[in-house]
Amino acid sequence: MQAPERPDDPPVPGQAFTEHALRSHLTVAAVSTAHGLGLAIRPGPLDPQALLSVLGDRYSYWTDDIEHTDPFDWPATQDDTT
């Protein structure tokens, strides 16, 4: 899992990139970020949207903090955090 990608590696199937899978990984990343900021995540059910809202509102989770070229050249939308 930690090795660099090689040209002869099999391609990742497109089915791996479902909305559900991407949201699940976003939740894991948000929990990791929260821990990194010193926040405690209590055991039990987690409302991912609530956590993402706290990170966005209080910690600027969705705000780029440095000028950079968008590698995908995608237009930003107001609904990127839902």
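## Basis of the model

The model is predicted; local features need pLDDT of at least 70, side-chain atom pairs count only at pLDDT 80 or more, and totals for chains, interfaces and linings use all residues. Residues are numbered from 1 along each chain as its sequence is written, and side-chain values use heavy atoms, with hydrogens and water left out.

## Overall form

The chain has two helices and zero strands. Helices (H or I, at least four residues) and strands (E, at least two) are DSSP runs, numbered from the N terminus.

The radius of gyration of the chain is 16 Å, while a compact globule of 82 residues would have one near 12 Å. This radius is taken over C-alpha atoms, and the globule rule is 2.2 Å times the number of residues to the power 0.38. Along the principal axes, the C-alpha atoms fill a box of roughly 40 × 35 × 25 Å.

Of the 82 residues in the chain, 10% are buried. Buried means under 20% relative accessible area, exposed over 50%, and partly exposed in between (1.4 Å probe, protein chains only). Among contacts with a separation of 6 or more, 31% are between residues 24 or more positions apart; contact means heavy atoms within 4.5 Å.

## The helix pair

Helix 1 (residues 19–36) and helix 2 (residues 48–59) have axes that come within 10 Å and cross at roughly 50°. Axes are lines fitted to C-alpha atoms, for helices over the stretch in contact, and angles run from 0 to 180 degrees between N-to-C directions. The two helices are therefore oblique to each other (under 35 degrees is roughly parallel, over 145 roughly antiparallel, 65 to 115 roughly perpendicular and the rest oblique).

Helix 1 contributes L26, T27, A30, V31, T33 and A34 to the contact, and helix 2 contributes P48, L51, L52 and L55. These residues divide into eight nonpolar, two polar and no charged. Ala, Val, Leu, Ile, Met, Phe, Trp, Tyr, Cys and Pro count as nonpolar, Asp, Glu, Lys and Arg as charged, and the others, Gly among them, as polar.

T27 lies in helix 1 and is buried, with a relative accessible area of 17%. Not counting residues up to four places away in sequence, T27 touches L46 and P48.

Y61 lies in the segment after helix 2 and is partly exposed, at a relative accessible area of 25%. With residues up to four places away in sequence not counted, Y61 touches L26, A29, A30, T33, L52, L55 and G56. Y61 and E5 are 56 residues apart in sequence and 28 Å apart in space, C-alpha to C-alpha.
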